[in-house]
Amino acid sequence: MKLSQFRFRLPDELLALEPPHKVFENPDGTTEKVYRRDECRMMVVHRKSQTIEMFEKDEEGNDTEEFIKFRSIIDYFDEGDAIIFNDSKVFPARLYGTKEKTDAKIEVFLLRELNPELRLWDVLVEPARKIRIGNKLFFEEDGPMVAEVIDNTTSRGRTLRFLYDCPHDEFKQELFALGSSPVPRYIIDHRPVTEDDTENFQTIYAQHEGAVTAPASGLHFSRELMKRLEIRGVNFSFITVHCGLGCFDSIEVEDLTKHKMGSEQMIITPEAVKPVNESKANGHHICAVGVTTLRATETAVGTDGMLKEFNGWTNKFIFPPYEFGLADRLIVNFYYSESTMLMATAAFGGYDLIMEAYQKAVDNGYHFGCYGDCMLILDD
């Protein structure tokens with residue numbers, strides 16, 4: 001398929017800058033926000049019947065005027081079904097420093113640690129034109145955290161060596177204390193990052209640190225909803241995929257077969273494999289939460305349709321047409337025009353049906369992005 005086939009107009013007002021929340025006024029006149037992860041809207045797409053649900057039903061099965069909320073997802077799962085989550089944990093990857101001599105403000109986005117002993121990190125810098133090999137960056141006015149640029153990796157990419165003499169654990173603690181939640185650029189272009197983002201931009205089941213962006217389709221799950229699914233008898237599987245920025249890279253070619261995805265580290269343990277394969281063997285549904293999880297499971301599925309253990313990297317790029325080997329259900333957010341996540345969604349749900357769903361989402365004011373609304377794709 002062609003890049004231009006995934007182009008659509010997204011009004012700026014449909015970008016979600018915060019998760020669903022309610023604002024309460026305190027007796028002293030101040031206000032307080034209470035965030036409710038599972039109260040985003042959920043569009044339900046049925047890929048076999050080619051139908052799209054947006055509204056709750058009344059007792060007679062007719063549409064009401066109430067949009068389906070994510071918390072109603074429990075109604076679409078039965079005992080024995082399995083849901084696969086990505087338990088990667090986001091670290092505070094965005095730092096701000098100043099360049100030596102000029103005091104120019106520099107944004108440094110940590111990508112991955114290359115060498116713990118030498119304190120080497122792969123990063124992105126902005127504005128990149130000002131940062132050359134040999135420059136030093138200072139991250140506190142009077143503090144000890146200093147980094148030296150030792151290599152150019154891409155147009156915006158650099159390798160930094162942090163000049164900080166202490167045990168590694170202490171170094172990382174100090175480094176992360178200087179950082180902020182790595183919410184997407186479209187959010188920080190409209191508002192400052194807050195303490196609320198530290199919690200909101202993290203799934204409630206995050207365990208293994210290493211992601212520089214949240215596995216956003218999992219942000220909708222609340223502890224209460226997880227407990228209700230558990231009580232219903234739904235099996236949970238937790239794999240680890242350290243989400244990178246590759247899925248957000250602009251595609252520079254019209255022919256999608258020529259695009260190369262960035263690699264992401266993924267780990268699928270025996271404990272993660274067992275509940276999925278048991279559900280699959282017993283004829284139950286398998287649901288992947290997010291495109292990153294979908295890419296990982298498609299990397300590790302065997303020819304027998306069963307999930308395999310895996311410890312390595314994946315750069316799988318999924319776009320239509322694609323035959324999926326494991327999951328028959330998918331939970332995803334609403335994504336940008338021409339994004340790799342939209343392409344994977346269209347491969348799973350069918351191009352025409354998903355693009356119709358996206359048009360309905362725009363027409364009905366659904367919110368897009370990591371804090372926005374979501375879609376459940378069913379194989380019925």
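Reader: With which residues is Val291 in contact, leaving aside its neighbours within four places in sequence?

Author: This is a predicted model, in which local features need pLDDT of at least 70 and side-chain atom pairs count only at pLDDT 80 or more, while totals for chains, interfaces and linings use all residues. Residues are numbered from 1 along each chain as its sequence is written, and side-chain values use heavy atoms, with hydrogens and water left out. Contact means heavy atoms within 4.5 Å. By that criterion, and leaving aside neighbours within four places in sequence, Val291 is in contact with Val332, Tyr335, Met341, Ala344 and Thr345.

Reader: Is Val291 buried or exposed?

Author: Val291 lies in helix α6; helices (H or I, at least four residues) and strands (E, at least two) are DSSP runs, numbered from the N terminus. Buried means under 20% relative accessible area, exposed over 50%, and partly exposed in between (1.4 Å probe, protein chains only). Since the relative accessibility of Val291 is 7%, this residue counts as buried.

Reader: Which elements do the buried residues of α7 pack against?

Author: In α7, 10 of the 10 residues are buried, so this helix is largely enclosed by the rest of the structure. Among these buried residues are Met341, Ala344 and Thr345, which are also contacts of Val291. The buried residues of α7 pack against α6, β20, α8 and β21.

Reader: Which residues have the most contacts inside the largest nonpolar core?

Author: A nonpolar core is a set of buried Ala, Val, Leu, Ile, Met, Phe, Trp, Tyr and Cys residues joined through side-chain atoms within 4.5 Å. The largest one has 58 residues, and the elements giving two or more residues to this core include β3 (42-46), α7 (340-349) and α8 (351-363). Those with the most contacts inside the core are Met43, Val45, Tyr358, Phe368 and Met375.

Reader: How many residues does the second, separate core have?

Author: In soluble globular proteins, nonpolar side chains tend to be buried together. Here a second, separate core includes Leu110, Ala147, Phe162 and Tyr164. The number of residues in this second core is 27.

Reader: Why is the protein chain described as being as compact as a globular protein of its length?

Author: The protein chain has 8 helices and 21 strands. The comparison uses the radius of gyration, taken over C-alpha atoms, and the globule rule, which is 2.2 Å times the number of residues to the power 0.38. For 380 residues the rule gives 21 Å, and the chain is as compact as a globular protein of that length because its radius of gyration is close to this, at 22 Å.

Reader: How far apart in space are Glu100 and Lys136, C-alpha to C-alpha?

Author: Glu100 is found in the loop between β9 (94-99) and β10 (105-115), and is partly exposed, with a relative accessible area of 22%. Not counting residues up to four places away in sequence, Glu100 touches Gly134, Asn135, Lys136 and Phe138. Although Glu100 and Lys136 are 36 residues apart in sequence, their C-alpha atoms are separated in space by 5.6 Å.
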